[in-house]
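This report describes selected features of one protein structure. Please keep the sequence and the model in view while reading.

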Amino acid sequence: MVSLLERLLERLRPREGWGLLLFTLVALFCTPAVLMQVDQDLGGTNLMILTVIAVIVGLWLARSRLSARAAALGGGLVGIVLVAVIVVRILPPPSLLWQEMSYAASWIGQRWEGVVAEPLPFAATLGYLWRRLVDIGWRLWWLRQSVASGGTTQDPILFLLLSSAVVWATALFAAWQIFRKRNALVGLIPSGLCLAILAFFLGGLAVFYVVAFLFCTLCLLAICHLWFRQEEWDRAGIDYPGDMGLDLFLSLGPWIAALVLLAAFF
């Protein structure tokens, strides 16, 4: 069992190594964690799932031959679909889909025998989808009317959509910059700005996430620099130890932690 797990991890292992992917995920998880403090009903699990998928999609786009504009367009379209499915939950529940597929199979059998049954397959699914779209549209319309009239509303739909869009866009941009451009600093600036603004107004536990974000950012800067150097050494045919990443982390990790904690103290 252990050997099977090791082979599976080795097959799934990114060519950049697990360290770069792990620090990227931890740094990007900080923004959804702080957003959960703003609204407990926001759905932190959905935002975390959205972050993981954004990093995976960004990694795939970074390895592809797509241009930055094409990657941004494709990533944006994927993000709209995923926000609708995961966050807004526009799709029907699995139980309804299973019933619809069973009914579709029996409907095809009856149609083959010349019997036309009513209703048509997946009519209930389309009805559920239409009701969800109408509900979201009405909620956004009432929110607009309330804001235009100077009133207030307790509907979190707009904040939910904006938070999901920010989480997806910042995570996708960070993954693209880190895995395509080898530039962790530029990639994490949008996420860091959002995190800093939220922590400034919230304080408390949000400051801890800022400290964790800074630690991961500094580690990513060191890893990306080593990664860039290793590519240069490979092109030049220079031999170097294969475990330099671990040695780098063991030597720089305590200093980075001390620097971040000192900055947090002041």
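## Terms and basis

Contact means that heavy atoms lie within 4.5 Å. This is a predicted model, in which local features need pLDDT of at least 70, side-chain atom pairs count only at pLDDT 80 or more, and totals for chains, interfaces and linings use all residues. Residues are numbered from 1 along each chain as its sequence is written, and side-chain values use heavy atoms, with hydrogens and water left out.

T51 is found in helix 3 (residues 44-63); helices are DSSP runs (H or I, at least four residues), numbered from the N terminus. Not counting residues up to four places away in sequence, T51 touches L28, F29, P32, V167 and A171. T51 counts as buried because its relative accessibility is 1%; buried means under 20% relative accessible area (1.4 Å probe, protein chains only).

With the same exclusion of residues up to four places away in sequence, L50 touches L82, V83, I86, V87, S164 and W168.

## The largest nonpolar core

A nonpolar core is a set of buried Ala, Val, Leu, Ile, Met, Phe, Trp, Tyr and Cys residues joined through side-chain atoms within 4.5 Å. The largest one has 44 residues, and L20, L50, W168, I178, F179, L188 and L220 touch the most other members. Two or more residues each come from helix 2 (18-38), helix 3, helix 4 (68-87), helix 7 (157-181), helix 8 and helix 9 (205-236).

## Helix 8

The buried residues of helix 8 are A184, G187, L188, S191, G192, L195 and A199. After helix 8 comes G203, with a positive phi near 65°.

Technical notes: Buried means under 20% relative accessible area, exposed over 50%, partly exposed in between (1.4 Å probe, protein chains only).
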